[in-house]
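The sequence and structure follow.

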Amino acid sequence: MERLEVEVPPDAAGERLDRFLVTVIVGQSRSQIQRLVREGRVVVAGHQARPNTPVRAGDRIVVEVPARAPSAVEAEPLELPIVYQDSDLVVVDKPAGMVVHPAAGHSRGTLVNALLYHVTDLSGIGGEDRPGIVHRLDRGTSGLMVVAKHDSAHRELARQFHDREVEKCYLALAWGLVHQGRRIDQAIGRDPASRERMSSRARHARSAVTRVVRAEYLEGVSLLEVVIQTGRTHQIRAHLSGIGHPIVGDPLYGGVRRRVPGHLRAVQRLERPFLHAARLSFTHPITATRLTFESPLPGDLDAVLGEVRRQSENRGAG
């Protein structure tokens with residue numbers, strides 16, 4: 001049994017208990033949180049609560065999480081580049097198109113299925129369908145992820161993500177001219193008009209900060225190096241779309257355009273958003289050594305970028 005204590009920050013006031021907890025307790029789905037609440041394992045300010053109870057700023061919430069069961073998910077021999085591993089954790093380079101963990105409609109072909117095949121010493125932490133998962137990447141996003149191999153590593157890595165001690169840097173291609181140094185500080189949550197999207201129009205939006213640390217303008221699109229200080233769902237995609245510069249190839253946030261200038265025709269070959277988790281830095285949960293990993297652009301994105309660059313240079317030379 002694991003006992004967790006969290007305090008509700010001001011920006012989460014009014015949010016449903018189950019929705020709040022799923023953002024701060026890594027490895028538990030909303031349905032799992034709801035089950036814990038119904039079983040009386042969640043106490044809010046000294047009292048039992050319901051999943052839909054609104055939380056208040058400053059509330060102390062105590063959660064008792066039962067011991068994790070071994071994963072019942074089937075191992076599959078899927079391609080999964082392993083960047084680094086030791087007895088405590090593994091860093092992988094997730095391919096685009098791969099869902100992180102099993103869910104409705106995705107019982108096979110996930111990152112977890114691949115992990116169970118390639119990594120033999122994963123314990124049952126994170127829940128039956130999410131062994132070792134500390135954070136996520138969207139299905140269409142490629143790049144670096146860290147996975148814990150045991151409970152101590154999982155708990156410490158989860159703390160680092162929660163306390164914003166993990167550095168996450170992404171490469172993105174966005175429509176239009178985006179200036180280096182742009183900071184987007186805009187709370188986001190589920191869009192009331194479309195539950196698949198995140199936006200600032202959400203009733204219970206949570207703080208989110210995205211920074212553009214480097215930008216290269218390529219005649220109609222901008223190659224961006226983006227750092228996120230928070231890790232909200234779809235954060236970069238929603239933030240860039242919200243300022244009028246959606247990620248190229250992102251159909252959910254307006255990044256797919258039927259008509260493009262001839263020199264940008266290469267972007268029409270994209271089958272997913274141009275977004276890649278290129279650098280990941282964190283402190284080793286056991287040795288306390290600071291680790292940094294980098295991943296080059298995958299072939300599909302690199303080919304498109306190369307053609308866009310060539311066309312941009314040709315236009316500049318002309």
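Which residues of β13 are buried on one side and which on the other? V221, L223, E225 and V227 are buried on one side, and S222, L224, V226 and I228 on the other; buried means under 20% relative accessible area with a 1.4 Å probe, protein chains only. The model is predicted, with local features needing pLDDT of at least 70 and side-chain atom pairs pLDDT 80 or more, while totals for chains, interfaces and linings use all residues. Residues are numbered from 1 along each chain as its sequence is written, and side-chain values use heavy atoms, leaving out hydrogens and water.

**Strand β13**
- Eight of the eight residues of β13 are buried, so the strand is largely enclosed by the rest of the structure.
- β8 and β13 run antiparallel and are joined by eight bridges, and W175 has V221 as its bridge partner in β13.
- β12 (residues 209-217) pairs with β13 in the antiparallel sense over seven bridges, with R214 opposite E225.
- Three residues lie between the strands in the hairpin of β12 and β13, where E219 takes a positive phi near 55°.

**Nonpolar cores**
- The largest nonpolar core has 47 residues; such a core is a set of buried Ala, Val, Leu, Ile, Met, Phe, Trp, Tyr and Cys residues joined through side-chain atoms within 4.5 Å.
- Elements that each supply at least two residues of this core include β8 (167-175), β13 (221-228) and α6 (299-317).
- Domain 2 (70-163) and domain 3 (165-317) each give this core at least three residues, the bounds coming from an automatic or database domain assignment.
- Another core, of 19 residues, lies apart from this one and includes L17, I25, V42 and V63.

Definitions and conventions:
Buried means under 20% relative accessible area, exposed over 50%, partly exposed in between (1.4 Å probe, protein chains only). Helices (H or I, at least four residues) and strands (E, at least two) are DSSP runs, numbered from the N terminus. Two strands pair if DSSP finds at least two bridges between them.
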